[in-house]
Amino acid sequence: MSLNFIERINTSKELRQNLKLSHLTIEHVAIDLNTSVQKINQILELDHVSPEDPWILKEW
C-alpha cells in the first residue's frame with residue numbers, strides 16, 4: 001500500500017523530527033547504515049526510495 005500525499009508529507013516530517021531528536025548528523029546515519037548521504041536525504045524526502053527504506057531508517 002502506498003502513501004497518499006498527506007501521509008508522505010507527515011512521514012517525511014516525522015523522519016526529520018526523529019533525526020533532529022537523535023542529535024546525529026545525516027553523515028553519521030549514512031555511515032551506520034552503510035549508505036550515502038544522498039540516499040539518506042532521499043529517504044527523508046521519500047524521493048524514489050524502496051518501500052522498506054523509511055522503515056529501516058525509522059527502526060535504526
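Q: A salt bridge is a side-chain nitrogen of Lys or Arg within 4 Å of a carboxyl oxygen of Asp or Glu. How many are there by this rule?

A: The count comes to three salt bridges. The model is a predicted one, in which local features need pLDDT of at least 70 and side-chain atom pairs count only at pLDDT 80 or more, while totals for chains, interfaces and linings use all residues. Residues are numbered from 1 along each chain as its sequence is written, and side-chain values use heavy atoms, leaving out hydrogens and water.

Q: OK. Which residue does Arg16 pair with?

A: Glu45 is the partner, and the N to O distance between the two side chains is 2.5 Å. The two are 29 residues apart, so this pair links distant parts of the chain, Arg16 being in helix 1 and Glu45 in helix 3. Helices here are DSSP runs of H or I with at least four residues, numbered from the N terminus. Helix 1 covers residues 5-22, and helix 3 covers 37-45.

Q: Why does Asp53 count as buried?

A: Asp53 counts as buried because its relative accessibility is 11%, which falls under the 20% limit.

Q: Which pair is left?

A: Glu59 with Lys58, whose closest N and O atoms are 3.0 Å apart. Glu59 is exposed at 58% relative accessibility, whereas Lys58, at 41%, is partly exposed.

Q: Changing topic. Which residues lie nearest the centre of the largest pocket?

A: Leu3, Thr11, Pro51, Pro54 and Trp55, out of 15 residues that line the largest pocket. A pocket is an open set of points on a 1 Å grid over the protein atoms alone, where a 1.4 Å probe fits and protein lies on both sides within 12 Å along at least five of seven lines; lining residues have an atom within 4 Å of a point.

Q: Which elements give that lining two or more residues?

A: Helix 1 and helix 4, the latter covering 53-59. Helix 1 gives the most, with four residues.

Q: What lines the second largest pocket?

A: Its lining is Leu15, Asn18, Leu19, Ser22, Val29, Ile40, Leu44, Leu57, Lys58 and Trp60. Helix 1, helix 3 and helix 4 supply at least two residues each. Helix 1 is again the one that gives the most, with four residues. Lys58, which lines this pocket, is the residue that forms the salt bridge with Glu59.

Q: Ile40 is in that list. Where is Ile40 found, and is Ile40 buried or exposed?

A: Ile40 is found in helix 3. With a relative accessibility of 1%, Ile40 counts as buried.

Q: How far is Ile40 from Leu24?

A: Their C-alpha atoms are separated by 12 Å, and the two residues are 16 apart along the chain.

Q: Last topic, the backbone. What is phi of His23?

A: Phi of His23 is near 60 degrees, which is a positive value in a residue other than glycine. His23 sits in the loop between helix 1 and helix 2, and helix 2 covers 26-32.

Q: Is His23 buried or exposed?

A: His23 is exposed, at 72% relative accessibility.

Q: What about Leu46, what is phi there?

A: Phi of Leu46 is near 55 degrees, again a positive value in a residue other than glycine. Leu46 belongs to the loop between helix 3 and helix 4. Leu46 has a relative accessibility of 5% and so counts as buried, whereas His23 is exposed.

Technical notes: Buried means under 20% relative accessible area, exposed over 50%, partly exposed in between (1.4 Å probe, protein chains only).
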